[in-house]
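Have a look at the model on the screen, and I'll talk you through how the two chains meet.

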Amino acid sequence: MRTYAPADAATVLDSILAEPSLARGVVHHAVVPARDAIQGPMPGWLDPRIVAGLTSRGIDSLYCHQAEAIEAIHRGEDVVVVTPTASGKTLCYALPTLQAIAEDPSARALFLFPTKALGQDQVTEFSELSKAAGLTIATSTYDGDTPAPIRAAVRAAGQVVVTNPDMLHAAILPHHTKWFQLFEQLRIIVIDESHTYRGVFGGHVANVLRRLLRICAHYGSHPVIVCCSATIGNPAELAATLTGRPARLIDRAGAPAGERHVLLIDPPLLDPASGARGSAVTLAQRWALPFLRAGRQTIVFGKSRVAVELLLTGLREALREGHGPRTRVRGYRGGYLPTERRAIERGLRDGEILGVVATNALELGVDIGRLDASILAGYPGSVASTWQQFGRAGRRQGTSVAILVASAAAVDQYVIHHPAFLLEGTPEEARLDPDNLHVLLAHLRAATFELPFEPGERFGPTAADDLLAFLAEDGHVRQAGDGRWYWSSENFPASEISLRTAAQENVVIIDTTPDRPRVIGEVDLFAAQTLVHEDAIYLHESAQFHVDRLDWDERKAYVRRIDANHYTQADRAVTLKPLDVFAEDSGPGGSRRHGEVMVASLATIYKKLKFVTNENLGWGRIHLPEIELQTTAYWLTADGARDRWRRDELDVALLGAGRAIQTVASILLMVDPRDLGLVSQVRSPHAEEPTIYLYEAVPGGIGLAERLWERHGELLAAAADLIDTCTCEGGCPACTGPRLEPHVDARMLARRLLAELRSTAPAVQA
Amino acid sequence: MTVLAPDARAQLTRRLDRLRAERTDPGGPADPLPYRPVPGRDLAERLATTLAGEVVTGPGGRFVRVEGRTTRVALDRPRLAGLPGQPPADRPLVCLDTETTGLATAAGTVAFLIGLGWWEGDAFRQVQLLLPDHADEPALLDELSRHLPPDAWLVTYNGRGFDWPLLVTRYRMARRAAPAHDGHLDLLPIVRRLFRHRMENARLQTVERSLLGLERHDDVDGWEIPGRYLGFLRGGPAHPLLAVVRHNHEDVRSLARLVQLLDVGYGSAAARRFVPLGDVAGLARAFARARRPDEALACLEEILSRDGNPDHPSAVEVANEPPDTEPPWWSPRVRADFGGPPSSFPSYRHRSATFAAPWDLQRVALDRAHLLRRSRRYAESADAWQGLAAGPGRTAIVAWIELAKLREHRLRDPLGALEAADRGLEAAQRRRRLGQLDPRLEADLRGRRERLARRCDAARRSLDGKSQRR
């Protein structure tokens with residue numbers, strides 16, 4: 001029988017690093033030094049009851065970022081507060097809200113959270129603060145779960161209304177006349193977790209906010225907007241795009257933090273030819289065990305539900321053999337009931353639970369206190385979420401440890417072999433395009449339904465008249481005798497928009513597992529081809545669903561909950577045709593463009609891949625019609641390369657360089673690699689030159705193409721670097737993609753092509 | 001290096017052109033009428049000419065006023081006021097029904113036709129106000145306010161849920177106050193309460209057919225109405241609105257007819273003797289809800305006194321059992337069916353016409369027993385339950401349980417209660433032998449019997465103890 005002596009995190013780390021089989025995988029070890037608290041003054045204008053309430057909760061002074069934010073909001077400035085995990089951002093907007101209501105009980109505030117669970121957490125926290133201050137403030141959530149009798153009360157008397165963008169869009173704004181008390185007296189709008197509003201969802205939410213501000217103006221209120229964001233590259237720009245107004249950036253973190261070790265770990269290379277590596281899950285488990293045995297609170301993040309289950313069983317098994325604290329390790333993921341989740345959160349806070357294995361359900365602001373070690377099995381997809389997950393470990397005093405175990409995927413490999421990217425570089429930018437034509441038109445319809453448009457009134461970047469005239473052709477909108485534009489259809493436009501997809505025509509995903517089938521999601525047609533074809537495994541909230549039937553004409557996919565050890569990946573055959581060039585720039589080595597393209601896509605086959613190991617288990621055909629997608633793309637042409645290259649080599653080089661650019665682009669822009677499609681053409685119909693296209697897999701695009709065009713130089717440099725630093729022989733999934741022909745050195749060819757594209761003068765053939 | 005400066009407006013035009021091309025795909029929204037702006041003055045004139053109305057111009061714009069027919073609808077207001085939920089005799093009544101551009105009461109739905117009707121003596125006068133153009137809405141709303149005196153009662157059909165909230169929304173959109181009124185008589189709930197047992201749905205047309213004996217000819221379906229008006233706004237012809245105006249006129253008139261039916265047919269005890277017993281039983285429930293138990297009891301007793309008298313309309317025709325899976329159409333959980341567009345969307349799923357549970361004398365007696373108990377007339381209630389307990393079926397078991405409760409808690413007769421529980425169990429066991437199980441009632445009776453037996457034993461022992469001490 002072995003017993004385990006408690007030890008602090010630093011000691012455990014030292015002992016692990018003394019063990020060669022584990023220490024070998026460490027590619028980078030950084031130490032982030034401890035940071036002292038920076039205090040700011042408690043504002044003198046704060047109501048004495050609120051100050052007393054804070055004192056009773058043990059808060060005598062504010063951190064500097066809190067003080068700065070509160071002062072700015074008090075002056076009526078929009079702010080965006082950027083703070084690391086658990087640094088007390090709630091106070092930044094709770095105090096001004098309390099103050100506004102203490103001064104004038106008729107004042108109202110609207111809090112927006114991306115999910116229901118977060119909203120409920122915040123209601124609890126805000127209510128405690130107001131109770132401590134001795135203020136009775138009607139704080140209520142208004143979401144899909146709110147019963148009808150309570151809804152009427154919230155509408156009439158809710159001083160702080162907590163809701164989510166979907167509810168605001170579909171239930172509050174179209175019915176604004178029933179909410180006139182709220183809109184007339186709205187003082188503060190809080191947009192928490194604003195970094196989650198990116199991509200298509202962000203574009204929708206930005207338009208919902210345009211509609212919200214329009215309604216406020218109608219009722220004569222001018223609320224302050226407070227955005228709270230995790231650390232991303234462009235928080236102020238994001239907030240400005242989202243709300244359409246400039247915001248004051250507050251990013252000086254005042255909360256103290258202890259010393260933190262950050263380790264980047266690469267699993268051993270098993271086969272240099274194919275690039276196969278050991279499993280990140282197994283390695284993460286080995287790193288977690290010593291911490292748990294030493295009694296250190298540890299959180300392990302897996303990327304899927306299956307990974308979580310594997311980690312959980314693995315850890316429990318290992319701890320049982322060694323008589324460790326087996327029962328004190330718990331799972332935490334999307335499918336759990338709210339009560340179970342609350343119990344786990346409480347257990348973590350009071351120390352009853354020692355270890356937790358989680359999916360990214362814990363990435364958002366749920367309060368679990370601070371732990372000793374955070375171990376990530378696989379790169380979560382962005383620097384920002386990596387730091388959020390790292391941030392779960394970090395006591396105010398003492399040492400904490402954050403570990404990222406990479407998988408064999410290209411993005412993971414790039415990240416751990418470029419530690420500066422993670423540790424020093426700016427985190428990714430969150431992109432959204434509120435002016436995506438599809439999204440803009442959809443919300444313009446909803447906005448016209450809510451209030452008629454004055455002639456010349458702006459909606460978004462320009463006056464809306466051209467767009468309204470376009471809508472009028474369908475008869476949904478008409479210009480009346482007074483020149484205003486009115487909604488003139490019996491449809492309810494808000495119900496036609498789903499905030500999570502770009503196109504209006506979507507496939508609805510219906511879960512047939514429960515007795516009463518329910519809709520669990522929607523995907524646009526383009527994504528449906530590869531996500532919900534028959535026999536696909538569809539992942540939703542980290543749970544797996546098998547697609548039993550896809551009724552393409554009815555746009556319905558019937559799925560059933562299963563537990564499988566594999567997932568599916570579909571291939572599509574894509575042809576691409578440029579329609580319109582928005583901007584172009586040519587240098588000697590090649591030229592870059594961005595613009596609108598037509599993508600014709602046909603889903604062909606799908607592969608079954610085993611979770612964690614990505615081993616191929618079989619394949620099947622997909623029988624679906626071809627669909628066309630109008631979207632935006634960024635493309636680069638290697639002018640004149642056809643004369644200098646052998647045709648077959650050029651083919652390989654274009655594809656290899658394209659893969660590397662695609663990988664790097666998804667890292668730089670913080671998007672899922674699947675959101676950017678890749679097409680390479682040796683002879684493009686547009687320019688008659690070898691061309692690499694990166695198109696956005698969303699109708700109309702979300703502005704990624706334009707951003708790639710702007711960051712062209714950076715992109716090519718990073719792609720070249722990715723290929724240069726790869727340790728494989730002649731191309732692997734981590735750089736130029738899987739090797740297709742064993743005798744061709746894809747790496748070398750892609751490198752040559754990138755060098756030409758980056759050169760200032762055309763390369764001269766030897 | 002050449003940078004192509006993008007011209008935003010031209011680019012937008014090109015993108016819209018491409019969208020337009022995409023939109024003409026088969027399956028896209030087909031609209032027969034292309035957009036053509038029509039001057040507001042023309043709209044009002046055309047509307048007035050076609051509908052034989054007059055254009056009225058005010059500070060808020062124009063509206064079209066169509067005079068309706070005046071008909072004789074005599075009411076005995078004091079008698080009407082005696083019914084539950086009806087307006088006091090001295091309040092003016094204004095019947096109101098709107099036609100709208102959609103079914104949602106949200107901000108973008110407009111009431112384009114407001115039908116109004118009021119009494120001048122026995123004469124029922126009607127007028128209809130039409131909106132010629134979106135821009136003229138303030139004028140229409142001002143006119144409506146003029147027709148609603150602050151002491152008036154609104155008379156509507158589902159107006160509490162639909163017409164009035166929609167109008168309030170319109171007033172708020174125009175940033176003005178909705179006119180005050182003294183009360184609102186929504187006829188839908190009272191129709192549901194009284195007549196649901198003999199109608200297949202609650203539409204006003206069904207009410208006309210089954211209660212007023214009227215059949216409409218060439219009537220326009222409700223779901224067609226928004227399209228006809230919107231087509232007109234887009235430059236289409238005005239004549240399709242003729243049928244809409246007629247439809248609305250009939251709707252308003254039927255409100256008056258319905259009020260008259262309530263007044264004449266149900267306003268006095270004498271009249272109630274000649275209507276189906278289900279109607280009176282429903283009225284009894286309406287009285288009970290209005291906390292007027294004596295009148296409710298009088299209604300029920302009148303029905304029970306009909307028994308054996310062949311001249312009176314007795315039990316209604318046997319109706320279908322409501323299905324178990326879905327609540328019946330009259331349940332408050334089901335949205336009223338006013339004839340929406342035929343749609344495959346689940347919330348508008350067609351429900352097969354089902355009848356409410358039929359009223360029969362046993363059910364009336366059951367209501368009476370409950371009511372007596374609620375009026376604290378315990379002895380009479382016990383007699384009523386006793387009568388029911390002698391009857392057949394499940395009702396007998398329920399009656400024994402109620403008797404046991406009454407005797408134990410109100411009549412202070414635990415021994416009697418014990419006996420009632422015993423008899424109830426016997427009845428349950430008889431039914432069990434016939435294969436009809438009532439596990440919940442049986443469990444209730446068993447628990448009750450056990451508790452009562454213990455209580456009686458304890459009482460007996462303490463009584464014995466006392467007598468021994470003596």
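So, 36 residues of chain B are in contact with 39 residues of chain A, where contact means C-beta atoms, placed from the backbone, within 7 Å. On the chain B side, helix 1 (8-23), helix 5 (159-173) and helix 8 (225-233) are the elements that give two or more residues. Helix 1 of chain B gives the most, with 7. Helices here are DSSP runs of H or I, at least four residues, and strands are E runs of at least two, numbered from the N terminus. That side of chain B splits into 21 nonpolar, 8 polar and 7 charged residues; Ala, Val, Leu, Ile, Met, Phe, Trp, Tyr, Cys and Pro count as nonpolar, Asp, Glu, Lys and Arg as charged, and the others, Gly among them, as polar.

Now, housekeeping: this is a predicted model, with local features needing pLDDT of at least 70, side-chain atom pairs counting only at 80 or more, and totals for chains, interfaces and linings using all residues. Residues are numbered from 1 along each chain as its sequence is written, and chains are lettered from A and ligands numbered from 1 in the order written.

How confident is the predictor? The complex gets an ipTM of 0.79 and a pTM of 0.81. Chain B averages a pLDDT of 83, and 82% of its residues score at least 70; pLDDT is the predictor's per-residue confidence, from 0 to 100. Over residues 310-326 of chain B, though, pLDDT is below 50, and residues 336-355 of chain B stay under 50 too. Where pLDDT is low, the predicted coordinates should not be read in detail.

Conventions:
Two residues are in contact if their C-beta atoms, placed from the backbone, lie within 7 Å.
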